[in-house]
Amino acid sequence: MRGTFITFEGVEGAGKSSLIAVLAAGLRAAGRDVCVTREPGEGTSAAVRDLLLADSGMRPLSWAFYMLLDRHEHVARVIAPALARGQVVLCDRFADSTLAYQGGGLGLPMAELARMNALAIGETRPDLTLLLDLDPEVGIARVRARAADKPLDRFEAETVAFHHRVRAAYLELARSEPARIKVIDASVPSEALAGPARGLVDAVLS
Ligand code: Z5A
C-alpha cells in the first residue's frame with residue numbers, strides 16, 4: 001500500500017522543522033514508519049543546498065531550475081521509494097516553496113513554475129500540506145535569535161517586502177487548493193501548534 005506524503009510549508013522561522021520533529025516522534029511512538037526529509041538538498045547534495053542558499057548572484061530562473069533539479073532527484077531517490085515502502089513521508093518544503101519564493105517572492109510566472117513542478121514531481125503529489133502561517137517579521141526574528149552570529153543566507157537577506165509577498169503567495173495557494181493545503185496559525189507556542197497539526201495528519205492517515 002502506498003504510504004502518505006505530507007509536506008510542510010511557510011515563511012522562514014514558521015516552525016516547520018520543530019513541528020516535524022514532534023510529529024515524527026509521536027507517529028513513531030504510535031507505530032508508524034516515518035521518513036523525515038527536506039528541500040533543498042536531499043535530492044542532490046549538501047553542496048547544492050549550500051550553493052542555493054549562498055548569496056551567489058544567481059538569477060531567479062537559475063534558482064528555480066536548481067530547485068526543480070533537486071526536487072526531481074529527491075522524488076526519485078527518496079520520496080517515491082519511501083512511499084512505495086508504505087512510509088509516512090514528512091517533507092520540510094516541497095513544490096509550493098518554488099511557487100511562493102520564486103513565483104511570489106521573485107516574480108517568476110506562476111503558471112510556468114507550476115508546469116515545471118508538475119514535470120519534476122510526476123504523480124508524487126502531497127496528500128496533505130500544512131501551511132504554517134506567520135508574520136514573516138516574527139519568523140525572521142525567531143531565526144535571528146537562534147543564530148545571531150551567523151551570516152544571513154540568500155533568503156534571510158531579502159527585504160521584508162519579499163517575505164510578505166511569499167506569505168501572500170502561500171495564502172493564495174491555500175485558497176486555490178483548500179482540500180490539500182491546511183493553514184495553521186504558527187504564531188502560537190509550539191505546544192499549541194502540535195495538537196491541531198496532529199489532528200490534520202491523523203485525518204489523512206485514517
Ligand atoms: N526555497 C526556495 O526558494 N525555493 C524552493 O523551491 C525551496 C526552498 C524548496 C531553505 O532554507 C530556503 O530555500 C528557504 C526557501 C528557499 N528560505 N527561506 N526563507 P532553510 O531550510 O534554511 O530555511 P527554512 O526552511 O525557512 O527553515 P527555518 O529557518 O529553520 O524555519 P522553520 O523550519 O520553519 O522553523 P524552526 O527551525 O522549526 O524554528 C525556527 C526557530 O523558531 C527555532 O529557534 C525554534 O525554536 C523557534 N520556534 C519554532 N516554533 C516556534 C513557536 N511556535 N514559537 C516560538 N518560537 C518557535
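This is a predicted model: local features need pLDDT of at least 70, side-chain atom pairs count only at pLDDT 80 or more; totals for chains, interfaces and linings use all residues.

Residues are numbered from 1 along each chain as its sequence is written, and side-chain values use heavy atoms, with hydrogens and water left out.

The ligand is surrounded by 25 residues, the closest being Glu-12, Lys-16, Ser-17, Ser-18 and Thr-98, where a residue is near a molecule if one of its heavy atoms lies within 4 Å of it. By class, this shell has nine nonpolar, eight polar and eight charged residues; here Ala, Val, Leu, Ile, Met, Phe, Trp, Tyr, Cys and Pro count as nonpolar, Asp, Glu, Lys and Arg as charged, and the others, Gly among them, as polar. At least two residues of the shell come from each of helix 1 (16-29), helix 2 (46-53), helix 3 (60-84), helix 4 (95-105) and helix 6 (136-146), and helix 4 gives the most, with four residues. Helices (H or I, at least four residues) and strands (E, at least two) are DSSP runs, numbered from the N terminus.

For Ser-17, an N or O atom of the side chain is 2.5 Å from a ligand oxygen; for Arg-49, a polar side-chain atom lies 2.9 Å from a ligand oxygen; and for Arg-71, the distance from a side-chain N or O atom to a ligand oxygen is 3.0 Å. Taken alone, the ligand exposes 1,100 Å², and the protein buries 85% of that, with accessible areas taken from the Shrake-Rupley method with a 1.4 Å probe.

Where does the ligand sit? It sits in the largest pocket, in the sense that more than half of its atoms lie within 2 Å of the grid points of that pocket. On a 1 Å grid over the protein atoms alone, a pocket is an open set of points where a 1.4 Å probe fits, with protein on both sides within 12 Å along at least five of seven lines, and lining residues have an atom within 4 Å of a point. The largest pocket has a volume of about 820 Å³, and among its 31 lining residues Glu-12, Lys-16, Arg-49, Arg-93 and Arg-146 lie nearest its centre. Its lining divides into ten nonpolar, seven polar and 14 charged residues.

The second largest pocket holds about 270 Å³ of space. Of the 15 residues that line this pocket, Ala-95, Asp-96, Ile-121, Glu-177 and Arg-180 are the closest to its centre. The largest share of this lining, four residues, comes from helix 5.

Two backbone features remain. The peptide bond from Glu-39 to Pro-40 is cis, with omega near -10 degrees, and Pro-40 lies in the loop between strand 2 (34-38) and helix 2. Arg-93, although not a glycine, has a positive phi of about 75 degrees, and its place is in the loop between strand 3 (88-92) and helix 4.

Terms used:
A polar contact is a pair of N or O atoms within 3.5 Å; within protein, one must be able to donate a hydrogen and the other to accept it, and residues adjacent in sequence count only if both atoms are side-chain atoms. Grid points are joined across faces, edges and corners, and a volume is the space filled by probe spheres set on the points.
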